[in-house]
Amino acid sequence: MPVETVELRSLRLERSQVIVPTAHSSPSKEVVTAALLLIGGKILSGRTKDQNIDYIAEYLAAVGINLREVRVVGDEERAIIDALNALRRRYTYVFTTGGTHGDITADCVAKAFGVPIDSDPRALAILHEWMKTTGAEMNEARLRMTRIPKCADLILNRVSGAPGFWIGNVIVMAGVPSIMQAMLDEVAPKLKIGIRMLSETVRADAREGDIGMQLGEIAKANPAVAIGSYPFFDPQHGPNTNVVLRARDAQKLALAKRAVEDMLERVRQAQSSR
């Protein structure tokens with residue numbers, strides 16, 4: 001069965017378009033973790049390009065939740081159930097997107113939790129109201145979208161009506177980016193949040209190869225700080241590097257940043273004296 005797994009150990013995001021609503025809960029001292037399960041054979045075949053990973057990763061990071069793993073599975077019952085059971089036991093939350101809600105995803109989630117599934121009166125009422133508002137007609141495909149595992153909470157869908165749902169620590173959302181984003185806004189205030197990850201970026205004005213060993217030494221001396229180097233090409237000055245530091249402790253982050261800046265200054269002085 002086609003399954004792709006990606007461990008997110010060093011994630012660099014350059015987008016700044018995520019607006020996160022204020023969570024109701026206070027930050028926890030524990031590390032809150034999450035996994036993302038993408039469901040869909042079209043993603044694995046390359047016919048569909050996923051647009052949700054970056055958005056969800058950045059969104060969760062902003063509220064102090066670490067996205068630790070992303071898996072992609074095809075539209076196969078056994079693969080979905082196995083992935084769900086493995087991930088929900090390992091992480092605080094599991095978010096799912098994609099799949100065909102009415103055809104397979106909801107049934108697989110119900111089977112993973114060992115609960116029955118049927119048309120939910122709450123979801124049915126929401127969809128009927130949506131039909132009245134939009135003038136659309138109820139059909140079999142839309143009716144199947146009201147099938148919700150027993151004991152699940154609904155996630156309102158203010159974009160297209162059919163709700164997602166939340167059962168245990170599994171949060172099932174649509175794959176369409178605009179709908180997924182609206183659903184994420186709905187669940188965010190209810191999530192347990194952890195200590196937020198802080199980030200600093202330092203422009204090295206040096207090639208990555210000239211500072212790699214020194215960065216490794218700084219990383220060893222600052223184990224609470226994740227340090228990554230990201231080379232880029234400056235059209236005016238040529239090859240360059242950004243050094244990104246991430247930590248939950250502001251003081252430790254500041255100390256590591258100062259160490260990096262001091263090291264870069266020494267490197268630049270050595271290069272200019274040649």
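pLDDT is the predictor's confidence in each residue, from 0 to 100. The model on display is predicted: local features require a pLDDT of at least 70 and side-chain atom pairs a pLDDT of 80 or more, whereas totals for chains, interfaces and linings use all residues. Residues are numbered from 1 along each chain as its sequence is written, and side-chain values use heavy atoms, with hydrogens and water left out.

**Whole chain, coloured by confidence**

Begin with the entire protein. Its mean pLDDT is 84, and 86% of the residues reach 70 or more. Of the 274 residues, 41% are buried, where buried means under 20% relative accessible area, exposed over 50%, and partly exposed in between (1.4 Å probe, protein chains only). Among contacts (heavy atoms within 4.5 Å) with a separation of 6 or more, 74% join residues 24 or more positions apart.

**The N-terminal segment**

Select residues 1-25 next. Here pLDDT stays under 50, although the model has 61 contacts beyond four places in sequence for this segment. Strand β1 (residues 3-7) has the lowest mean pLDDT among the elements, 43, while strand β9 (residues 170-172) has the highest, 97. Where pLDDT is low, the predicted coordinates should not be read in detail.

**The nonpolar cores**

Proceed to Ile65, Tyr93, Phe95, Ile171, Met173 and Leu184, the residues with the most contacts inside the largest nonpolar core, which has 28 residues. Such a core is a set of buried Ala, Val, Leu, Ile, Met, Phe, Trp, Tyr and Cys residues joined through side-chain atoms within 4.5 Å. Apart from it lies another core of 25 residues, including Val73, Leu84, Tyr91 and Ala152.

Centre the view on Tyr93. Beyond four places in sequence, its contacts include Val32, Ile65, Trp166, Ile171 and Leu191.

**Strand β8**

Select residues 161-167, strand β8, and find Ala162 within it. Ala162 counts as buried because its relative accessibility is 11%. Leaving aside residues up to four places away in sequence, Ala162 touches Leu127, Met145, Asn157 and Met183. Its C-alpha atom is separated by 7.4 Å from that of Ile126, 36 residues apart along the chain.

Phe165 also lies in β8, and at 0% relative accessibility this residue counts as buried. Phe165 and Ile148 are 17 residues apart in sequence, with 7.2 Å between their C-alpha atoms.

**Two cysteines**

Show Cys108 and Cys151. Cys108 is buried, at 0% relative accessibility, whereas Cys151 is exposed, with a relative accessible area of 68%. The structure holds zero disulfides, a disulfide being a pair of cysteine sulfur atoms within 2.5 Å.

**Helix α9**

Finish at residues 250-272, helix α9, whose 23 residues should span 33 Å at 1.5 Å a residue; the end C-alpha atoms are 33 Å apart, which agrees. The expected span is 1.5 Å times one less than the number of residues. At the start of α9, a side-chain oxygen of Asp249 comes within 2.9 Å of the backbone nitrogen of Gln251.

Which residues of α9 are buried? They are Leu253, Ala256, Val260, Met263, Leu264 and Val267. An α-helix has 3.6 residues a turn, so residues three or four places apart point the same way. To see what covers the buried residues of α9, display β10 (198-203), α8 (208-221) and β12 (238-247), which are among the covering elements.

Note on methods. Helices (H or I, at least four residues) and strands (E, at least two) are DSSP runs, numbered from the N terminus. A polar contact is a pair of N or O atoms within 3.5 Å; within protein, one must be able to donate a hydrogen and the other to accept it, and residues adjacent in sequence count only if both atoms are side-chain atoms.
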